[in-house]
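Hi there,

Here is the structure I promised to pass on to you. My notes on what turned up in it follow below.

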Amino acid sequence: MISVKEIREDLGRMKANLSARGLSFDLDRFLSLYDDVKSHKQKLEEMQCKLNAVSKIIKDGLWKDDSQSMLSDASVLKGYILRAKESYNLLIEEFDLLSQQLPNWTSPDVPVGKTDDDNLTIKYKGQIPKFDFSHKDHVQLGQELDLIDFDSGTKVAGSKFYFLKSQAVFLQHALKSFIFNKALSAGFTPLQTPDVSFNHILEGVGFAPKGDESNTYGLEGLDKSLIATAEICVAGMHAGKILTNLGYLCSTSLKVIVLGVRLALPGDQVKGFIESISLRNWSCLSYVNRRIVLNIMTKFLRCKRKSIVS
């Protein structure tokens, strides 16, 4: 989470950040809650110190002549502390929920927009082919070549699931091997993660409840969730550590239980699919100091372009 001190020092920037992301976030309430939590915590600590002092006096028998009064004071303090803790817990619960919804900073060179039409083209490579016939989309090709079985997918798992068949299976594994080797040559270490994570790990990574677009899949009664993407477990693996130069080529296991947050790209890009191809994705991760993150992003893009050109 971004520190509250950093937000307060550059409040205008955070408001602009929220506006650019198109998010409705009560920043004033967030900051007010932070102050309330600090204030309540301080009062709780002060009352607890008083109670400890009174309890020590009673225990040591220093006020034998007025023991009933001391016991009464201790009882009153305990009541105050109990009510203060209830109030504090409510505040901290609301503050934690808001904290999970506070977004990170956006890069200043990222264009602001609401749809794909607002994206900027960074580079063209080659020319877009023009056909003298009506081309078919992936759904038509997959069905006509008997490479994708939508009917069986719907029968087993519901609408927009599918089975890959025959050469399509080999093609998918070939693509993964291709990207795998590219990432290995770029210095990444292969890693395959668990399919499940404790909820505090998800929340620490940033996969937190965000209203209607919540992207977590909880396992009831276990305080765990199915992972949506592999970096959740990798971040949890290094939780509480100070990291230096680490890079991982990371895969979620090839099981449908890794239901993804990437449920779906706009329009025809995912025609016929609950983009489960992203459930079999490979994630390239690098943990770096944010001062050099743009340099790392440049290296990622360079590696990606080489893969596409190849």
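D35 is partly exposed, with a relative accessible area of 35%. Before going further, please keep in mind that this is a predicted model.

D35 has a charged partner: it forms a salt bridge with R8, and the closest N and O atoms are 2.7 Å apart. D35 belongs to helix α3 (residues 27-60) and R8 to helix α1 (residues 4-9), so this pair ties together parts that lie 27 residues apart in sequence. R8 is partly exposed as well, at a relative accessible area of 39%.

In one of them, E94 pairs with R29, with 2.9 Å between the closest N and O atoms. This pair links distant parts of the chain, since E94 sits in helix α4 (residues 67-101) and R29 in helix α3, 65 residues apart. E94 has 33% relative accessibility and counts as partly exposed. R29 is also partly exposed, with a relative accessible area of 30%.

Another joins D146 to K165, where the closest N and O atoms are 2.9 Å apart. Here both residues are in loops: D146 in the one between α5 (138-144) and β1 (148-149), K165 in the one between β2 (163-164) and α7 (167-185), so the contact ties together parts 19 residues apart in sequence. D146 counts as partly exposed at 42% relative accessibility, and K165 is partly exposed with a relative accessible area of 28%.

Now to the strands. Three of them make up an open sheet, ordered β4-β6-β5, with antiparallel pairing. Which strands stand at the edges? They are β4 (196-198) and β5 (217-219); each has a single partner strand, so one side of each is left without a neighbour in the sheet. On average, neighbouring strands of this sheet are turned by 40 degrees against each other, direction ignored.

Terms used: Residues numbered from 1 in each chain as written. Predicted model: local features only at pLDDT ≥ 70, side-chain atom pairs only at ≥ 80, totals over all residues. Heavy atoms only, no water. Pairing = 2+ DSSP bridges. Helix = DSSP H or I, 4+ residues; strand = E, 2+ residues; numbered from the N terminus. Axes fitted to C-alpha atoms, helices over the stretch in contact; angles between N-to-C directions. Salt bridge = Lys/Arg side-chain N within 4 Å of Asp/Glu carboxyl O. Buried < 20%, exposed > 50% of the residue type's maximum accessible area, 1.4 Å probe, protein only.
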